[in-house]
Amino acid sequence: MLKKIRNAIKEYKLSNLNFRLIIYVLAVTFIGIFCIGSASKTENYQFKQILGLFLGIILLIFFTLLSYKLLFKFYWMIYLATIAMLMLVIVIGTVNKGAKRWIDLGFLQFQPSEFAKIFLIIFIASFLYKHIETLDTFKTIGGVILFAGIAMGLVFIEPDLSTTIVIFLTFCAIMFLSGIHYKIITGVLIISIPIICILGYYVTQPNNLILKGYQYNRIVGFFQEDNENAKDLRYQQENSLLAIGSGGLTGKGLDNNDVTSVKNGNLISESHTDFIFTIVGEELGFIGGAAVIILLFMIVLECFIIGSRAPTLSGKLFCFGFGVLIGIQTFINISVATMLLPNTGITLPFVSYGLTSLISMYCGVGITLNIGLQRNKAMV
């Protein structure tokens, strides 16, 4: 195996390495680190995030040099490892705020669902590539839906509805881009739209059997201002919107002591994770918020560009899937912070605090860079 890796590295051309993607990722990560430090003065979250950055860079270099074709050959092992981690969460996971999403090893606590996002993209991309000749058959489509559905189901019962939605939308995007015949896609849409409408109506009903109580309150309370159970959740988003608006053009500055600061008044919980964009908006202003959005957009764009030049379908689908994943998470997180969507509790890629999230994203970037290194080879 080491010989294969050495031979693969010799074939790489440095001119094919996408330095733009690396610069965008590092830039937005540094902005996140500074904002995390400002949001959590009494905690050592900033130091931990810096540690996560160093670990992430090491893994980024490793996956950049390791041929993705070699990695993707083990897609079944990667899938089984994903299922095993998610099942382990259910059995021995640590409960925090009513959700069992973390595994605590004593010296390390990590969130398997974050790695599951990347691992599932690898599995789905590889599975579809291996079955490209039978892509439009019920066996192939049904198989990939079944395997992906098992993983999504395990994430959902943690419970982690927001991550389930992100994985599901990413899965749909990969399936759409895989080249499935348009008649099949049309048929799926015709069937799915009524089901989604019925399901949407059902989950808005009290005491439904799908959503947990707090999930129901978040969704229904977002639309019903007089919902007492969701008043605190709306209050947090309202404060977030107020903070972002108060930042003006250039913001109040990092680590400021402004008495009018929403952050300094401790009116936003989880400001270093789910509501990190609130800190960006208040302390760096419109310019800082726009910079974060533009950098994340450029990261997504570079993933799509690399995917369009990928030498194999599996490489193409991974890059597109990873780009869609970043785009969806960014849209949801910022929409929650600006009160366009109900509170979902999902991180802003590369910016929010979270070692598992940051490291898994850097692994994804490394794989994407490796696919870019092999872009000049003939399509397989």
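Hi everyone! Before we start, please keep in mind that this is a predicted model.

Let's begin with the overall count: there are 20 aromatic pairs here. One of them joins Tyr75 and Phe123, whose ring centres sit 5.9 Å apart. Is that pair stacked, edge-to-face or tilted? The planes meet at 40 degrees, so we call the pair tilted. Stacked would need under 30 degrees, and edge-to-face over 60.

Now, where do these two residues sit in the chain? Tyr75 belongs to helix 5, which covers residues 75–92, while Phe123 belongs to helix 6, residues 112–130.

Are the two rings' residues buried or exposed? Tyr75 is buried, at a relative accessible area of 9%. Phe123 is buried as well, and its value is 0%.

Let's look at another pair, Phe115 with Phe119. This one is stacked, with 6.1 Å from centre to centre and 20 degrees between the planes. Both residues lie in helix 6, four residues apart, and that is about one turn of the helix.

How accessible are they? Phe115 has a relative accessible area of 19%, so it counts as buried, because the cut-off is under 20%. Phe119 comes out at 24%, so it is partly exposed.

Finally, which residues do ring pairs link into a cluster? They are Tyr75, Trp76, Tyr79, Phe123, Phe127 and Phe147.

How values were computed. Residues are numbered from 1 along each chain as its sequence is written. This is a predicted model: local features need pLDDT of at least 70, side-chain atom pairs count only at pLDDT 80 or more; totals for chains, interfaces and linings use all residues. Side-chain values use heavy atoms; hydrogens and water are left out. Rings of Phe, Tyr and Trp (its six-membered ring) pair if their centres lie within 6.5 Å; planes under 30 degrees apart count as stacked, over 60 as edge-to-face and the rest as tilted. Helices (H or I, at least four residues) and strands (E, at least two) are DSSP runs, numbered from the N terminus. Buried means under 20% relative accessible area, exposed over 50%, partly exposed in between (1.4 Å probe, protein chains only).
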